[in-house]
Amino acid sequence: FISGVNDLHTTFVGSVSCFDPPLFCSPRPADLEQLVKIVAVYLKAHPKDLHFNGSVLTVAALKDAFPCP
C-alpha cells in the first residue's frame, strides 16, 4: 500500500495538475523498507490522526519526511 501511494504520486507528478507542485519529493528509487519505517514512525507520533484513511496518513508521513525544496 505504502509503495503504491509513493509510486502513484511519482507517476503523476508533472502530468496531473493536482500534483503541481509535488506533495513530497521521495528519493528514486524509493526503498520500501525505509518508506514503511517512515510511515510507522509518523503514525506513532500522531495517534490523534489515526482516524484518517491510510492514503491521507501515508502522504502526510512522506510529505513530512521528504519535503520538496
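The model is predicted. The chain contains 3 helices and 0 strands, in the order α-α-α along the sequence. With a radius of gyration of 12 Å, close to the 11 Å given by the globule rule for 69 residues, the chain is as compact as a globular protein of that length. A search of the whole structure returns 1 disulfide.

**Overall dimensions and surface**

- The C-alpha trace spans about 35 × 25 × 25 Å along its principal axes.
- Of the 69 residues in the chain, 25% count as buried.
- The accessible surface amounts to about 4,600 Å², and carbon and sulfur atoms account for 63% of that area.
- When contacts between residues at least 6 apart in sequence are considered, 59% of them join residues at least 24 apart.

**Nonpolar core**

- In soluble globular proteins, nonpolar side chains tend to be buried together.
- The largest nonpolar core in this chain comprises 9 residues: Ile-2, Phe-24, Leu-35, Ile-38, Val-39, Tyr-42, Ala-61, Leu-62 and Phe-66.
- Two elements, helix H2 (32-45) and helix H3 (54-65), each supply two or more residues to this core.
- The greatest contribution comes from H2, which provides 4 residues.
- Ile-38, a member of the core, touches Ala-61, Leu-62, Ala-65 and Phe-66 when residues up to four places away in sequence are not counted.

**Helix H1 and Asn-6**

- Helix H1 covers residues 2-12, and Ile-2, Val-5, Asn-6 and His-9 are buried within it.
- Viewed down the axis of H1, the buried residues fall within an arc of 95°, so they line one face of the helix.
- The cover over these buried residues of H1 includes H2 and H3.
- Asn-6, located in helix H1, has a relative accessibility of 4% and therefore counts as buried, the cut-off being under 20%.
- Leaving out residues up to four places away in sequence, Asn-6 touches Phe-24, Ser-26, Ala-30, Leu-35 and Leu-62.
- Among these contacts of Asn-6 are Phe-24, Leu-35 and Leu-62, which also belong to the largest nonpolar core.

**The loop between H2 and H3**

- Asp-49 is situated in the loop between H2 and H3.
- The relative accessible area of Asp-49 is 14%, so this residue is buried.
- Apart from its neighbours within four places in sequence, Asp-49 is in contact with Tyr-42 and Leu-57; of this pair, Tyr-42 is listed in the largest nonpolar core.

**Disulfide**

- Cys-25 and Cys-68 form a disulfide in which the sulfur atoms are 2.0 Å apart.
- Cys-25 lies in the loop between H1 and H2 and Cys-68 in the segment after H3, so the pair ties together parts that are 43 residues apart in sequence.
- The torsion about the S-S bond is about 105°, so the disulfide is right-handed.
- Cys-25 has a relative accessibility of 32% and so counts as partly exposed.
- Cys-68 likewise counts as partly exposed, because its relative accessibility is 28%.

How values were computed:
Residues are numbered from 1 along each chain as its sequence is written. This is a predicted model: local features need pLDDT of at least 70, side-chain atom pairs count only at pLDDT 80 or more; totals for chains, interfaces and linings use all residues. Side-chain values use heavy atoms; hydrogens and water are left out. A nonpolar core is a set of buried Ala, Val, Leu, Ile, Met, Phe, Trp, Tyr and Cys residues joined through side-chain atoms within 4.5 Å. Buried means under 20% relative accessible area, exposed over 50%, partly exposed in between (1.4 Å probe, protein chains only). Contact means heavy atoms within 4.5 Å. The arc is that of the directions from the helix axis to the C-beta atoms. The radius of gyration is taken over C-alpha atoms; the globule rule is 2.2 Å times the number of residues to the power 0.38. Accessible areas come from the Shrake-Rupley method with a 1.4 Å probe; for residues, only the protein chains shown count as cover. A disulfide is a pair of cysteine sulfur atoms within 2.5 Å.
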